[in-house]
Amino acid sequence: MFAVRIKRFILDIKDDLLDFVYPQTCPICRNPLKREEKDVCEECWKALAVLPSPYCPYCKSLIESEDEITNHQCPKLSRPGDRRILAVRSLGTFDDHYQKLIHRLKYEKKIQLGKRLAQKLGESISEENEFAGRDMVIPVPLHRARERERGFNQSEVVAEGISRAMGISLTKDILKRKRHTKDQTYLNAQQRAENVKGAFVVTQPEKIDGKSVILVDDVMTTGATLNECARMLRDAGATRILAATLAVVVD
């Protein structure tokens with residue numbers, strides 16, 4: 001993991017140097033960025049829509065009160081025990097704007113952009129009482145081979161920002177991905193669930209027993225990955241699991 005940290009540090013520096021040598025354009029409006037702007041022009045950044053409240057990860061309906069987070073009756077679930085994640089907080093939907101920004105983070109390695117988005121998400125979560133006071137923030141892990149290839153884990157970048165904004169401990173060594181899984185992009189909901197089934201392991205269950213958790217990923221599509229991670233955390237003794245992502249895919 002030390003090699004990954006070094007690679008991530010180098011990517012940070014490389015990103016800054018490239019922006020200095022080759023003036024960038026805003027990925028949203030395509031206008032040239034001013035010298036003081038970074039990754040996104042201020043006009044587009046301020047115009048980014050933010051979801052007004054958390055939502056159910058299964059039916060994706062907005063949850064507008066703290067009481068409903070605990071007592072929401074999801075029509076997609078046949079048994080209350082299947083509701084492993086109580087609610088998810090996302091900045092917005094995976095529309096053209098957030099899609100472009102997240103793709104820049106993941107595939108163009110714009111880590112500073114990821115940190116900025118994470119801070120925005122952390123500030124949004126901080127306004128939700130139900131999310132405050134959780135015991136730890138846990139990022140969805142990448143497989144070691146994928147993380148070495150990419151140089152960083154985008155979910156970890158987001159989790160770090162949430163941890164700083166909320167003053168909640170970031171824990172990266174409890175949840176591990178024990179096998180390499182297929183890219184989920186072109187899989188349907190059932191295939192996604194099968195793809196990640198058994199892919200994660202809790203390495204130190206004694207540290208999660210009786211704890212409440214904010215589980216973090218970059219995007220929620222069908223929720224298969226978050227749900228499988230939550231299943232493992234629940235089995236290890238986690239009492240309350242909420243989740244946070246930069247964006248959510250809405251059908």
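**Entry 1: around helix 10**

I began just after helix 10, where glycine 237 takes a positive phi of about 115°. I keep in mind that I am reading a predicted model.

From there I stepped back into helix 10 itself, residues 224-235. How many of the 12 residues of helix 10 are buried? I found nine, so helix 10 is largely enclosed by the rest of the structure. I wrote down the buried ones: Ala224, Thr225, Leu226, Asn227, Glu228, Cys229, Ala230, Met232 and Leu233.

Then I checked the length of helix 10. At 1.5 Å a residue, its 12 residues should span 16 Å, and the end C-alpha atoms are 16 Å apart, so the two agree.

I found an open sheet of four strands in the order 1-6-5-2, with parallel pairing. Which strands are at the edges? They are strand 1 and strand 2 (136-139), and each pairs on one side only. On average, and with direction ignored, neighbouring strands of this sheet are turned by 20° against each other.

I then looked at its partners one by one.

- Strand 1 (residues 88-93) pairs with strand 6 in the parallel sense over five bridges.
- In that pairing, arginine 89 has alanine 244 of strand 6 as its bridge partner.
- Glycine 92 stands opposite alanine 247 in strand 6.
- Strand 5 (residues 212-220) also pairs with strand 6 in the parallel sense, here over eight bridges.
- Valine 219 stands opposite alanine 247 in strand 6.

How does the chain get from strand 5 to strand 6? I followed it through helix 10, and this β-α-β crossover is right-handed. That brought me back to the helix of my first entry.

A reminder to myself for looking at strands: in a regular strand the side chains alternate between the two faces of the sheet.

I turned to helix 5, residues 111-126. At 1.5 Å a residue, its 16 residues should span 22 Å; I found its end C-alpha atoms 22 Å apart, which agrees.

Which residues of helix 5 are buried? My list reads Ile111, Leu113, Gly114, Leu117, Ala118, Lys120, Leu121, Gly122, Ser124 and Ile125. While reading it I recalled that an α-helix has 3.6 residues a turn, so residues three or four places apart point the same way.

Two packed helices are described by the angle between their axes and the distance between the axes. I looked up both values for two pairs.

For helix 4 (residues 96-107) and helix 5, the axes come within 8 Å and cross at roughly 130°. Angles over 145 degrees would count as roughly antiparallel, and helix 4 and helix 5 are therefore oblique to each other. Helix 4 passes helix 5 in a left-handed crossing.

For helix 5 and helix 7 (residues 154-166), the packing angle is about 45° and the axes are 7 Å apart. That makes helix 5 oblique to helix 7. Is this crossing left-handed or right-handed? Helix 5 passes helix 7 in a right-handed crossing.

**Entry 2: some loop residues**

Last, I visited the loops. Most residues other than glycine have a negative phi. With that in mind I noted two exceptions.

Arginine 30 has a phi near 70°, a positive value in a residue other than glycine. I located arginine 30 in the loop between helix 1 (2-21) and helix 2. Its relative accessibility is 52%, so arginine 30 counts as exposed, given the cut-off of over 50%.

Lysine 60 has a positive phi of about 65° although it is not a glycine. I found lysine 60 in the loop between helix 2 and helix 3. Is lysine 60 exposed or partly exposed? At 23% relative accessibility, lysine 60 counts as partly exposed.

Glutamate 64 is also in the loop between helix 2 (42-47) and helix 3 (66-71). Glutamate 64 is exposed, with a relative accessible area of 67%. From C-alpha to C-alpha, glutamate 64 and proline 52 are 8.3 Å apart in space and 12 residues apart in sequence.

At 62% relative accessibility, glycine 133 counts as exposed. I also looked up its C-alpha distance to isoleucine 168: glycine 133 and isoleucine 168 are 7.4 Å apart in space and 35 residues apart in sequence.

Methods: Residues numbered from 1 in each chain as written. Predicted model: local features only at pLDDT ≥ 70, side-chain atom pairs only at ≥ 80, totals over all residues. Heavy atoms only, no water. Helix = DSSP H or I, 4+ residues; strand = E, 2+ residues; numbered from the N terminus. Expected span 1.5 Å × (residues − 1). Buried < 20%, exposed > 50% of the residue type's maximum accessible area, 1.4 Å probe, protein only. Pairing = 2+ DSSP bridges. Right-handed = clockwise from strand over helix to strand, strands pointing away. Axes fitted to C-alpha atoms, helices over the stretch in contact; angles between N-to-C directions. Parallel < 35°, antiparallel > 145°, perpendicular 65-115°, else oblique. Left-handed = near helix turned anticlockwise from the far one by under 90°.
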